[in-house]
Amino acid sequence: MKAEKNKVVTFHYHLTDETGTKVDSSHDRAEPLTILFGHGQIIPGLEQAMEGHEAGDKFDVSVPPEHGYGERREDFTQRVPKKYFRDADHLKSGDATVLSVQGGGYRQVVVLKVGSSVIDVDLNHPMAGKTLKFDVEVTDVRDATPEEVEHGHVHGEGGHHH
Ligand SMILES: [Zn+2]
């Protein structure tokens, strides 16, 4: 079975940036990553490269910023009260963290400067502007259930229930 829209795809990956520095790896966690294919759960460049692959396939792909997390925007910064951070007391310049956003959910930001009651952050995604090299091994491809397609996410093992 091939990875395509509305399949549930499970895969391991190693991610490095253009300098070869390790950014992330599913091997650091107990389980590989499971996604509902074709629903924007992974960056477009990776999803495109994965399409048509089957369980057992391995592939490499280099994803430029425009097919990844976008280009970095200069001056895309904001001064935010500490209460909007989950971990304000532990943050220092250069740390990546998450910020609560209006309407719910979180956004990844990088800390620029910590004040007594506010924190200046860079709102660019930490991976923005980077060419990302993925080393991927597809471990499973299955049909999504109608409910998973309707919800736009995976249920059960490797997914979540709601
Ligand atoms: Zn659901």
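Which residues have the most contacts inside the largest nonpolar core? Select Val 9, Phe 11, Leu 46, Met 50, Phe 134 and Val 136, which hold that place in a core of 20 residues; a nonpolar core is a set of buried Ala, Val, Leu, Ile, Met, Phe, Trp, Tyr and Cys residues joined through side-chain atoms within 4.5 Å. This is a predicted model, in which local features need pLDDT of at least 70 and side-chain atom pairs count only at pLDDT 80 or more, while totals for chains, interfaces and linings use all residues. Residues are numbered from 1 along each chain as its sequence is written, and side-chain values use heavy atoms, with hydrogens and water left out.

Next, colour strand E1 (7-16), helix H1 (44-50), strand E4 (58-63) and strand E9 (132-143), the elements that each give two or more residues to this core (helices, H or I, of at least four residues and strands, E, of at least two are DSSP runs, numbered from the N terminus). The largest share, five residues, comes from E9.

Now show the rings of Phe 11, Tyr 13 and Phe 134, which form one aromatic cluster (rings of Phe, Tyr and Trp, the last by its six-membered ring, pair if their centres lie within 6.5 Å; planes under 30 degrees apart count as stacked, over 60 as edge-to-face and the rest as tilted). Phe 11 and Tyr 13 make a tilted pair, 6.0 Å centre to centre with 50 degrees between the planes. Tyr 13 lies in strand E1 and Phe 134 in strand E9, so their pair ties together parts that are 121 residues apart in sequence.

Conventions: Buried means under 20% relative accessible area, exposed over 50%, partly exposed in between (1.4 Å probe, protein chains only).
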